Amino acid sequence: MREVGIIGGGAAGIMAAITAVTQGAKATILEHQSRIGKKILMTGNGKCNLTNLHDSEDDYYCDRPDFVSQMLEQFQAKDTIAFFREFGLLCKEKNGGVYPITEQASSVLDILQMELDAKKVTVLTQVQVNCICKPDQSGHRITVETTQGDFTYDAVILACGGCAHALTGSDGSGYKLARMCGHHIIQPLPALVQLKCQESYYKSIAGVRCTAGLQLLVEGTVVARELGELQVTDYGISGIAVFQFSRIAAKALYAHKKVTVCIDYLPQLSDIELKEIMSHVLVTHPFRTIEEVFLGIINKKLLRMILKQRGIPLTQVVSTVSPTSIQVLLTDFKNWTVQIKDTLSFEHAQVCCGGVDCTEVRGNCESTKMKGLYLAGELLDVDAKCGGYNLQWAWTTGYVAGSAAAGSSVTKGFS
């Protein structure tokens with residue numbers, strides 16, 4: 001019986017262990033935290049967005065899209081749903097996102113823990129891995145040196161995560177181990193993260209939430225567009241719409257490029273519709289103040305901030321404001337530009353972009369640098385949009401790596 005050592009007890013590592021045992025191997029998880037699966041409990045705001053029914057390679061960022069496609073072909077969203085259903089976890093769908101019917105991430109972790117126990121997977125916690133040694137002279141066994149002694153395995157799966165939310169175990173230690181094994185690491189950066197802005201007025205508008213249209217510009221060129229909830233903080237902008245392109249912003253900032261975001265605070269209205277509405281209001285209510293005229297159209301905090309930036313008093317009667325100034329305000333509502341100066345840290349990021357170069361990983365997740373070593377999960381230079389895609393990547397690569405490490409041909413039965 002082949003013995004498989006899995007370094008990291010997150011989603012990818014747990015899936016790899018269950019898969020390896022299902023394929024006839026013996027599996028051991030080495031986890032440096034006090035318990036496994038901590039990050040699973042945080043996903044989907046505690047509801048655990050398991051996967052997404054619309055999952056495709058287009059939802060992922062990687063310099064090798066063919067690698068992503070090859071992985072997803074082997075284990076898709078429908079396989080994830082079937083996997084959990086087989087172990088008694090029912091799921092429900094919302095806008096493509098798949099969640100446990102209990103709406104509790106703890107249900108997912110409990111199910112996985114029970115299955116690890118049922119399959120007699122050895123789980124060793126608070127084990128710090130210091131080194132992964134190359135196969136011995138026979139060319140088969142790999143030695144893993146740890147703070148709890150040395151272990152030897154027929155195959156080793158490196159599934160330590162990236163460096164987002166270090167307290168959950170993703171502290172970047174996997175990159176060090178991968179480098180020791182000969183791998184090149186593409187610079188990890190925060191992804192699915194909030195953005196810090198240059199302007200000084202954010203404390204006055206902190207707490208604003210609205211549906212907005214967003215355009216991300218790098219050196220003046222639009223590189224991404226999103227429509228969704230925008231959250232304004234005391235340092236800049238947040239919300240899922242911002243998260244979706246934050247990794248693009250992070251990479252551009254790392255390359256010292258100018259990054260801006262153009263915000264449409266009224267995406268429900270076209271420029272022409274907004275102008276027609278305001279023309280009517282200005283005619284019918286010429287003696288209202290400028291603030292009173294716009295109160296029913298845009299958030300009060302945003303309105304007051306924009307008026308202040310344009311030097312227009314809140315109490316100025318609208319009929320005394322020049323048509324040019326009115327048009328400037330309307331343009332501001334639809335095209336407000338902010339400059340991005342940074343992202344928040346890894347501690348605030350849901351995932352990170354960057355990691356082990358995928359050109360150094362085969363289609364079965366085996367390393368091209370060390371025979372018998374496999375890599376899975378966020379450790380690889382693959383990240384995805386919000387909506388369950390990143391967790392699907394963990395399930396997918398965990399499954400592929402676990403199958404290959406066990407030395408079995410791919411099958412999808414888990415009984």
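Mentor: Gladly! Let's begin with a term: a crossing is right-handed if the near helix is turned clockwise from the far one by less than a right angle, and left-handed if anticlockwise. Keep in mind that this is a predicted model.

Trainee: With that term in hand, which hand does the crossing of H10 and H11 have?

Mentor: Start with the geometry: the axes of H10 (residues 300–309) and H11 come within 11 Å and cross at roughly 130°. That angle makes H10 oblique to H11. As for the hand, H10 passes H11 in a crossing that is right-handed.

Trainee: How many charged residues does the contact of H10 with H11 have?

Mentor: On the H10 side you will find Leu 303, Ile 306 and Leu 307, which meet Leu 329, Asp 332 and Phe 333 in H11. By class, that contact divides into 5 nonpolar residues, no polar ones, and for charged the count is 1.

Trainee: H8 also packs on H11; is H8 parallel or oblique to H11?

Mentor: Here the axes of H8 (residues 271–284) and H11 (residues 323–334) come within 11 Å and cross at roughly 140°. Angles over 145 degrees would count as roughly antiparallel. The angle of this pair therefore makes H8, relative to H11, oblique.

Trainee: And how many nonpolar residues are in the contact of H8 with H11?

Mentor: H8 passes H11 in a right-handed crossing. H8 contributes Asp 271, Leu 274, Lys 275, Met 278 and Leu 282, while H11 brings Ile 326, Gln 327, Leu 330 and Lys 334. Sorted by class, the contact has 3 charged residues, 1 polar, and a nonpolar count of 5.

Trainee: Where does H11 sit on the sheet, that is, which strands does it touch?

Mentor: The sheet is a barrel closed by 6 strands in the order E13-E16-E15-E14-E17-E18, with antiparallel pairing. Ignoring direction, neighbouring strands are turned against each other by 45° on average. H11 packs on this sheet with its direction at about 110° to that of E17, and the strands it touches are E17 (259–264) and E18 (336–343).

Trainee: Is Asp 234 buried, partly exposed or exposed?

Mentor: Asp 234 lies in the loop between E15 (221–232) and E16 (236–238). Leaving aside neighbours within four places in sequence, Asp 234 is in contact with Tyr 202, Lys 203 and Ala 206. Exposed would need over 50% relative accessible area. Asp 234 has 45% relative accessibility, so it counts as partly exposed.

Trainee: Let's turn to another helix pair. How far apart are the axes of H1 and H12?

Mentor: The crossing of H1 and H12 is right-handed. By class, their contact has 10 nonpolar, 5 polar and no charged residues. H1 (residues 11–22) and H12 (residues 389–406) pack at an angle of about 35°, and the distance between their axes is 7 Å.

Trainee: What covers the buried residues of H3?

Mentor: The buried residues of H3 (residues 77–86) are Ala 77, Asp 79, Thr 80, Ile 81, Phe 83 and Phe 84. Just after H3, Gly 88 takes a positive phi of about 100°. The cover over the buried residues includes H1, E3 (51–52), H2 (65–74), E6, H4 (105–118) and H12.

Trainee: What is the phi of His 256?

Mentor: Most residues other than glycine have a negative phi. His 256 is in the loop between H7 (240–254) and E17, and at 74% relative accessibility it counts as exposed. Although His 256 is not a glycine, its phi is positive, at about 60°.

Trainee: And what is the phi of Asn 95?

Mentor: Asn 95 is placed in the loop between E5 (91–94) and E6 (97–100). Its relative accessible area is 67%, so Asn 95 is exposed. Asn 95 is not a glycine, yet its phi is positive, at about 50°.

Methods:
Residues are numbered from 1 along each chain as its sequence is written. This is a predicted model: local features need pLDDT of at least 70, side-chain atom pairs count only at pLDDT 80 or more; totals for chains, interfaces and linings use all residues. Side-chain values use heavy atoms; hydrogens and water are left out. Axes are lines fitted to C-alpha atoms, for helices over the stretch in contact, and angles run from 0 to 180 degrees between N-to-C directions. Helices (H or I, at least four residues) and strands (E, at least two) are DSSP runs, numbered from the N terminus. Angles under 35 degrees count as roughly parallel, over 145 as roughly antiparallel, 65 to 115 as roughly perpendicular and the rest as oblique. Contact means heavy atoms within 4.5 Å. Ala, Val, Leu, Ile, Met, Phe, Trp, Tyr, Cys and Pro count as nonpolar, Asp, Glu, Lys and Arg as charged, and the others, Gly among them, as polar. Buried means under 20% relative accessible area, exposed over 50%, partly exposed in between (1.4 Å probe, protein chains only). Two strands pair if DSSP finds at least two bridges between them.
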